[in-house]
Amino acid sequence: MNPITVIDVGGTRLRAADWTPEHGLAEITETTSPSISRRPGADVAQLRAELVRDLCAAVPAGRVAGISFGAALDHRTGTVHASAPLWGSCAEPFDLLGALRSARPDVRWHVVNDVTAALLHAITGPRYADDRKVLLATISTGIACRTVDRRRGEIPVDECGLQGEIGHLPFAASWRGEPLHLPCDCGVDDHLSAFASGPGIRRVAEEVRRRDPAGWRNSALGRAEDGTAFEDAFRAALDHGDRLATALLAAVTAPVADLLRTAVCLDPELDHLVLTGGVVAGLGEHYRGAVLAHLERAGTYLTGDRVPGWAARRLVVDDASTSGGLVGAGLAAREGR
């Protein structure tokens, strides 16, 4: 049996590999995604054409291909509704699956959302064997979540074939008691991604520096050497217990904790809440600790007070985030999703 070619498309990277259930992933190759975040002002139609070209070039003749795609897409048809990291505010539907089939009819294409792919991979682990439902949220260039009912093996979707597009829901955030108002990559202010995604965290940091220049200068973030990437400086500052960096992390995780608290309140069958994505991988236990602190400080009504550890038992950081989307794409292709 030929391996399945698996590809993970994100707002910044396009990663590909061969995968088989028996041997796992072969060597992963990586290129940059043709995206508006890398080429501001670029024509979206041209970016889409380049993406189809790049995906087709990654798949050998006659293969099965599984695509993990970072966008709001209709799981029933493979039509992409929108992707702020890839195409900014453009919300014109794009029949990605149809375009791939037209360009390479020799390939059997399967396209799923990247969060769906990550969730399909995550629930293969023994930790979730007895769970009723699992929610997985990815915090990266974009933000989204998915919930699976393991008893039925279903990830339910709505009339548009969507579920869990939380990154573009309105949320409130604040810094030291004062509200924050920041733009999202989609062009609308005060979405969850405006504060809690990778680009959103950088925006909040810039606003903190503007509001408190002296505090910023005196922090490890302000003392970071010129040329140090913000993400590296942020992690190093947290490792050293810097107070401003810790407060910044608390500010950007508060909306995420609000979401998870509400999800468990509305659906008590959620046995695990899994956090993954580039931001979570980069900050590791710092991130989980900040979210957990919010949930323990203000839990669900009554249960939060009467059942110690209710949040700690549920909250998991996925330590396979770099490969989960690729493996999940292979699982989706094998299952014919």
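Predicted model: local features only at pLDDT ≥ 70, side-chain atom pairs only at ≥ 80, totals over all residues.

Biologist: Good to know. Is Asp-190 buried or exposed?

Modeller: Asp-190 is buried, because its relative accessible area is 17% and the cut-off for buried is under 20%.

Biologist: And what is its phi, given that Asp-190 is not a glycine?

Modeller: Asp-190 has a positive phi of about 65°. Arg-176 is another non-glycine residue with a positive phi, in its case about 50°.

Biologist: Where do I find Arg-176?

Modeller: Look at the loop that joins β12 (173–175) to β13 (178–180). Arg-176 counts as exposed, since its relative accessibility is 55% and exposed means over 50%.

Biologist: Okay, let me zoom out. How many helices and strands does the protein chain have?

Modeller: The chain has 14 helices and 15 strands. Its C-alpha atoms fill a box of roughly 60 × 45 × 35 Å along the principal axes.

Biologist: What is the radius of gyration, and what would a compact globule have?

Modeller: The protein chain has 20 Å, and a compact globule with 337 residues would have a value near 20 Å, so the two agree.

Biologist: What percentage of the residues count as buried?

Modeller: Of the 337 residues, 54% count as buried.

Biologist: Now pick a helix for me. Which residues of α8 are buried?

Modeller: Helix α8 covers residues 230–239, and its buried residues are Phe-230, Ala-233, Phe-234, Ala-237 and Leu-238. Seen down the axis of α8, these buried residues fall within an arc of 130°, so they line one face of the helix.

Biologist: What do the buried residues of α8 pack against?

Modeller: They pack against α6 (198–211), α7 (213–217), α9 (243–266), α10 (278–283) and α11 (285–297).

Biologist: And what comes just after α8?

Modeller: Gly-241 is there, with a positive phi of about 70°.

Biologist: Let's look at some loops again. Where does Ala-26 lie?

Modeller: Ala-26 is in the loop between β3 (24–25) and β4 (29–32). With a relative accessibility of 42%, Ala-26 counts as partly exposed.

Biologist: Which residues does Ala-26 touch, leaving out those up to four places away in sequence?

Modeller: Ala-26 touches Ala-17 and Asp-18.

Biologist: How far apart are Ala-26 and Thr-300?

Modeller: They are 274 residues apart in sequence and, from C-alpha to C-alpha, 43 Å apart in space.

Biologist: One last stop: where is Ala-129?

Modeller: Ala-129 lies in the loop between α4 (114–122) and β10 (133–139). Ala-129 is partly exposed, with a relative accessible area of 47%.

Biologist: And how far apart are Ala-129 and Gly-309?

Modeller: They are 180 residues apart in sequence, and their C-alpha atoms are 20 Å apart in space.

Note on methods:
Residues numbered from 1 in each chain as written. Heavy atoms only, no water. Helix = DSSP H or I, 4+ residues; strand = E, 2+ residues; numbered from the N terminus. Rg over C-alpha atoms; globule rule 2.2 N^0.38 Å. Buried < 20%, exposed > 50% of the residue type's maximum accessible area, 1.4 Å probe, protein only. Arc of directions from axis to C-beta. Contact = heavy atoms within 4.5 Å.
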